[in-house]
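Please consult the sequence and the structure shown here.

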Amino acid sequence: MAGKRQGKLKTRIIISVMISFIAVWFPSISILFSHMNALVFDEAGKVVREQMSNEAESINAELYSLVDAVAWICSAESIGDAFRFKSIEEPGGAMAVLDAQDDIATYMAASPAWNHLNKIVLFSADGSLSFEYVKWRSGSMSDAESILSSDSFASLSFPPGAVVQLMLSETINEPRQPAVIAYGKIRNSEAYVYAEISASIFNGITQSSISNAYIVSGDEAYPGEIPAALMDGKAWEATEYETAIPGCSIIHFIRAFFKT
């Protein structure tokens with residue numbers, strides 16, 4: 001009988017120890033698992049943000065190259081020479097325009113802005129002389145007229161010290177599509193540069209594994225309206241990245257469990 005009692009006692013002790021062990025071990029494992037899970041999500045969030053930051057820097061680099069290109073065109077000697085003429089019909093006018101186009105082609109061939117360039121239109125304020133350098137969008141005899149009558153040109157102004165203005169707008173001819181526009185005023189003349197690049201410049205963030213990214217300028221968003229579900233601050237976290245376009249930024253949404 002004594003042996004049986006001792007056996008039962010040992011069994012109870014073992015069971016008690018196991019219960020105590022489980023009572024301590026299970027919460028500890030749960031806490032450890034939660035902590036490890038949080039670390040994994042934290043690192044995943046950092047990777048996604050770094051990807052987005054790199055893409056934003058790449059976009060800005062190309063936008064700044066567009067600014068540089070337009071600034072160069074505004075000050076290039078051959079461009080100024082071309083706008084000394086009122087028409088290509090004037091003696092020497094056609095040759096001056098060809099020289100200007102050749103210089104633009106040479107410069108743009110080495111510029112990162114060439115990758116997404118639609119066209120460059122140069123025109124006098126009175127519409128008397130205009131010519132183009134085109135890539136993805138064909139030129140039109142009415143391009144200068146369309147620009148001169150556009151809202152973007154009507155609102156054109158250059159901050160002190162600036163020679164180029166960037167804006168998010170749309171293409172000047174059909175089919176109308178989102179585009180980045182750069183305006184510049186040609187030095188020592190009443191003439192302007194209009195450079196148009198495709199919104200495909202944003203494809204690196206809108207069409208990649210880094211989803212839920214939008215280009216926002218005022219009340220406009222590209223590639224479309226931001227879904228209401230993404231505005232839920234409990235489920236999604238928004239990170240903003242500035243662009244070279246004044247008043248325009250990249251808004252990227254990631255799941256809230258990626259929060260650091």
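How many of the eight residues of strand β4 (residues 178-185) are buried? In this predicted model, six of the eight are buried, so strand β4 is largely enclosed by the rest of the structure.

**Strand β4 and its partners**
- Strand β3 (residues 164-170) pairs with β4 in the antiparallel sense through seven bridges, and L168 has V180 as its bridge partner in β4.
- β4 is also joined by seven bridges to strand β5 (residues 191-198), again in an antiparallel arrangement; here V180 stands opposite I197.
- Five residues lie between the strands in the hairpin of β4 and β5, where N188 adopts a positive phi near 60°.

**The open sheet**
- The order β7-β6-β9-β8 describes an open sheet of four strands with antiparallel pairing.
- Seven bridges link β8 and strand β9 (residues 248-255) in the antiparallel sense, and Y241 stands opposite I250 in β9.

**Helix α3**
- Helix α3 (residues 93-109) comprises 17 residues and reaches 24 Å from its first C-alpha to its last, close to the expected 24 Å.
- Its buried residues are G93, A96, V97, A100, I104 and M108; these cover an arc of only 100° around the axis, which puts them on the same side of α3.
- M95, T106 and A109 are exposed residues on the face of α3 turned away from its buried side.

How values were computed. Residues numbered from 1 in each chain as written. Predicted model: local features only at pLDDT ≥ 70, side-chain atom pairs only at ≥ 80, totals over all residues. Heavy atoms only, no water. Helix = DSSP H or I, 4+ residues; strand = E, 2+ residues; numbered from the N terminus. Expected span 1.5 Å × (residues − 1). Buried < 20%, exposed > 50% of the residue type's maximum accessible area, 1.4 Å probe, protein only. Arc of directions from axis to C-beta. Pairing = 2+ DSSP bridges.
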